[in-house]
Amino acid sequence: MPDAKPADSAQHPDRVLAELDSWQREVRSQFPIFAEAAGEAYLDSAATAQKPQTVLDAVHRYLTTANANAGRGTYRWANETSALVERCRGRVRDLLADPDPERSGVHFTSGTTEALRRVALDWLVDTLADGDEIVVPAADHLANVSPWQEAREVLARRGVTVRLVEMPYEPSGDYDIAALAGLVGEHTRFVAVTHLHHVYGADMNVHRIRRLVGDDVVICLDAAQSVGHLPVSVADLDVDFVAFSGHKAMALPGIGVLWARNTRGPRYVHRGWEGTPNTAGLVSLQAAVDWFDVTGLDRIARWTVALGARLTDGLYRLPSIQVLGCQHSLALDSTVQRRHGLVTFRHPGISSADLGFVLAEHGLMVRANAHCQGPAGERESSVRVSLHAYNTVDEVDRLLAVLAQLDDSLTDATSYR
Ligand code: PLP
């Protein structure tokens, strides 16, 4: 794929950051955790996002006024709880711009990992036949690799052989669509993809997959890093399954979603007895969706893309830092790859673990390790900085200043020898 065009001036990151400055201040003020954390910068939202006051209030209100089990009682609290489960399904459909809510299914899970595994073990293993092929993105998150391997093993035990085709990648970390074209064919039944990459921070342009595989192949989208960060439209992407985690989308941990289109292949059915739903989690998810509506996912995306561009540009200016993934795709109007406020890098002279400790001493909370990438992913660990709407320009500049200082001191030390 070609690199993105340079940003036009109206879309220049600094302009976007200036334009949205007062909006962002208001957004940040809605997160009580930051009032308690003066001097600390939370830069690990890809791991889990912080929660706005409205989400915390909704959970508190529910647990102190109407807490009951769902679908099991005849009294008011139980009825209210049952209704909230259905309301939450509706709000998830709204969030995903579901074009056919009569047909689709919204199933609640503990998170993305469980949702993807459910697709593999509750649906895929009963759908595939001997000789079928599925495409697996082996440099994406392990949660989007291991379920498909598990499905293959289950099928092998039944005497059904399916082939896993490894998704090819470009050096930028984007899917290599030209190479993929040579790997898919009449036996391809299922393609697993990720919307935003959790290491490279890039939009993986999954709309290209439908064009490539045609109308019959089922596409399963890991949207763990995109839901809550930008508008996600299942209508536009034309995917068949979507999995995401509430906790990365400003809701509580322990609640996740599996959305199923149910138009290609058999209808998805959640297997087994589901037990009591995570009602407080559902309340938090609904409140988070309401918060996104009010705050504006478009603006959240513009802010985090612009802030991510400032961060990436700053990292490029530091001679030793090696930024992973897409290198020239920061234009806000790019239709190719675009970073969504997530940048991963290494320093050749400092291990990523040490870098993580040093940054933590400066109050900069980043993620330093291998990031649970699949078997075709990076071999060396790295430092990941991931941003959300509550992160500020000042936090990014502080991080860059600390890295610049480290870089200088290391260059001085090396030149002495
Ligand atoms: N997929 C991606 C792209 C992720 O980044 C993550 C978590 O970091 C997951 C899946 C797994 O999410 P969870 O642990 O919430 O199930």
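Let me begin with a definition: angles under 35 degrees count as roughly parallel, over 145 as roughly antiparallel, 65 to 115 as roughly perpendicular, and the rest as oblique. Such angles run from 0 to 180 degrees between N-to-C directions, and axes are lines fitted to C-alpha atoms, for helices over the stretch in contact.

What you see is a predicted model, in which local features need pLDDT of at least 70 and side-chain atom pairs count only at pLDDT 80 or more, while totals for chains, interfaces and linings use all residues. Residues are numbered from 1 along each chain as its sequence is written, and side-chain values use heavy atoms, leaving out hydrogens and water.

I turn to the helix pair. Helices (H or I, at least four residues) and strands (E, at least two) are DSSP runs, numbered from the N terminus. The axes of H11 and H12 cross at roughly 75 degrees and come within 6 Å. H11 and H12 are therefore roughly perpendicular to each other. On the H11 side, the contact (heavy atoms within 4.5 Å) is made by Trp291, Phe292 and Thr295, and on the H12 side by Leu297, Arg299 and Ile300.

Next, the salt bridges. A salt bridge is a side-chain nitrogen of Lys or Arg within 4 Å of a carboxyl oxygen of Asp or Glu. How many salt bridges does a search of the whole structure find? The search finds 29.

One of them joins Asp293 and Arg91, with the closest N and O atoms 2.6 Å apart. Asp293 belongs to helix H11 (residues 279-295) and Arg91 to helix H5 (residues 76-95), so this pair links distant parts of the chain, 202 residues apart. For accessibility, buried means under 20% relative accessible area, exposed over 50%, and partly exposed in between, with a 1.4 Å probe and protein chains only. Arg91, at 16%, is buried.

Another salt bridge pairs Arg310 with Asp397, at 2.9 Å between the closest N and O atoms. Arg310 lies in helix H12 (residues 297-316) and Asp397 in helix H14 (residues 393-416), so the pair ties together parts 87 residues apart in sequence. Arg310 is partly exposed at 25%, and Asp397 is partly exposed at 28%.

Finally, Asp215 and Arg264 meet in a salt bridge of 3.2 Å, N to O. Is Asp215 buried or exposed? At 53% relative accessibility, Asp215 counts as exposed, whereas Arg264, at 14%, counts as buried.
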